[in-house]
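Trainee: Could you give me a close look at one part of this model? I'd like to follow a single residue and then see what sits around it.

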Amino acid sequence: FSKPDESASDVEETMQPEHGFEEDVRPTDDSNALSNAVLEQLSQQRMRRNLFKGLVFFLRREVPRLSMEFIIRSFGGKLGWETSLEATSPYVETDNAVTHVIADR
C-alpha cells in the first residue's frame with residue numbers, strides 16, 4: 001500500500017477511489033422517496049384486492065355476468081346469479097348472505 005517514509009495524508013490519498021467519491025453507498029433522499037412510493041403502491045394494491053371482501057353480489061339476468069364476475073372476484077367479492085342462466089350459482093337472490101343486487105333496469 002504505502003512505503004514506510006510516506007506520510008499519513010499520502011496513504012489516505014492512495015486509498016481513495018480514483019473518481020473522487022466514496023465506495024460506501026448510502027441511501028439518498030431520492031432512493032428513500034422511491035422506496036416510500038413503492039410501499040404506498042403495494043399498500044394501495046392490497047386495499048384494492050380486498051375492496052369487496054366480505055360482500056356478496058347477486059346479478060340479475062340482464063347484467064353481463066362474465067364482465068361483472070371478473071371485476072367482483074378481482075376485488076375480493078363473491079357473487080351469485082339467476083339460476084335461469086346457469087344452475088350452478090352459489091347464491092340465490094333471497095339468500096341472507098347477499099349484500100348487493102345488481103340489475104340493469
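Trainee: How does His100 count, as buried, partly exposed or exposed, and why?

Mentor: His100 counts as partly exposed because its relative accessibility is 34%. Buried means under 20% relative accessible area, exposed means over 50%, and partly exposed is in between (1.4 Å probe, protein chains only). Before we go on, keep in mind that this is a predicted model, where local features need pLDDT of at least 70, side-chain atom pairs count only at pLDDT 80 or more, and totals for chains, interfaces and linings use all residues. Residues are numbered from 1 along each chain as its sequence is written, and side-chain values use heavy atoms, with hydrogens and water left out.

Now, where are we? His100 sits in strand β3, and the chain as a whole runs α-α-β-α-β-β. Helices (H or I, at least four residues) and strands (E, at least two) are DSSP runs, numbered from the N terminus.

Setting aside neighbours within four places in sequence, His100 is in contact (heavy atoms within 4.5 Å) with Leu55, Val56, Phe57 and Phe58. Take Val56: it is 44 residues from His100 in sequence, yet their C-alpha atoms are 6.3 Å apart. The His100 side chain also makes a polar contact with the side chain of Thr99, at 2.8 Å. That term means a pair of N or O atoms within 3.5 Å; within protein, one must be able to donate a hydrogen and the other to accept it, and residues adjacent in sequence count only if both atoms are side-chain atoms.

Tyr91 touches Val56 and Phe58, among others including Gly80 and Trp81, not counting residues up to four places away in sequence. With 16% relative accessibility, Tyr91 counts as buried.

Ser89 lies in the loop between β2 (78-81) and β3 (100-102), and it counts as buried because its relative accessibility is 14%. A polar atom of the Ser89 side chain lies 2.7 Å from the backbone oxygen of Tyr91. The backbone nitrogen of Trp81 is 2.9 Å from a polar atom of that Ser89 side chain. Gly80 and Trp81 are what Ser89 touches, leaving out residues up to four places away in sequence.

Finally, step back: buried residues make up 15% of the chain's 105 residues.
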